[in-house]
Amino acid sequence: ACPPDRRVNFALNWGNVSCLDWVPVFDNPDKMDEQLDAICRIVLANKVKAEQRQHKNIVVTLPYVCGWYVADAPELGGVGWLPWMAQYLSTVQATVIKQGLMADGVPVVKYLPYKGALQHQLTARRPNKWS
């Protein structure tokens, strides 16, 4: 069996505050990899927060979907998402996460709440309008 493509989790939109306020439209199968990478960068840049705390510990807040699909990152539960996510984050956020993973403490992972009903406000966007 093929391992799950973790990027798909960020292409889905459940219409809550943990997701984007728009739905990505994937309009070119020949560019699917490129489009999935792009949506991961956008979602994670907007929804992940990594903070350095005392004693080199970090606290990372992830989209709620990461808690739902923790089986897609089974290495260490929610912490298992972090090494993979670093490739899609800003240099600053990725550095905080990498340093936190190398430190003695285990990063604390929190999830954005699953609240709010944005379904009636969502619009669809094609890749040329993603940002």
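Mentor: In helix 2, the residues Q35, L36, I39, C40, I42, V43, L44 and K47 are buried, where buried means under 20% relative accessible area, exposed over 50% and partly exposed in between, with a 1.4 Å probe and protein chains only. This is a predicted model, in which local features need pLDDT of at least 70 and side-chain atom pairs count only at pLDDT 80 or more, while totals for chains, interfaces and linings use all residues. Residues are numbered from 1 along each chain as its sequence is written, and side-chain values use heavy atoms, with hydrogens and water left out.

Trainee: Why is C40 called buried?

Mentor: C40 has a relative accessibility of 0%, and therefore counts as buried, the limit being under 20%.

Trainee: What makes V17 partly exposed?

Mentor: V17, which is found in the loop between helix 1 and strand 1, has a relative accessibility of 33%, so V17 counts as partly exposed.

Trainee: Why does T61 count as buried?

Mentor: T61 lies in strand 3, and because its relative accessibility is 17%, T61 counts as buried.

Trainee: How do you know that the span of helix 2 agrees with what it should be?

Mentor: The expected span of a helix is 1.5 Å times one less than its number of residues; for the 16 residues of helix 2 (residues 32–47) this should be 22 Å, and because the end C-alpha atoms are 22 Å apart, the two agree. Helices (H or I, at least four residues) and strands (E, at least two) are DSSP runs, numbered from the N terminus.

Trainee: What covers the buried residues of helix 2?

Mentor: The cover includes helix 1 (8–11), strand 1 (22–24), strand 2 (49–52), strand 3 (58–62) and helix 4 (81–85).

Trainee: Which residues does T61 touch, leaving out those up to four places away in sequence?

Mentor: T61 touches K47, V48, K49, K110, Y111 and L112, contact meaning heavy atoms within 4.5 Å.

Trainee: How many disulfides does the structure hold?

Mentor: The structure holds 0 disulfides, a disulfide being a pair of cysteine sulfur atoms within 2.5 Å. For C40, the nearest cysteine sulfur is that of C66, 9.6 Å away, and C40 is in no disulfide. C66 is in no disulfide either, and because its relative accessible area is 0%, C66 is buried.
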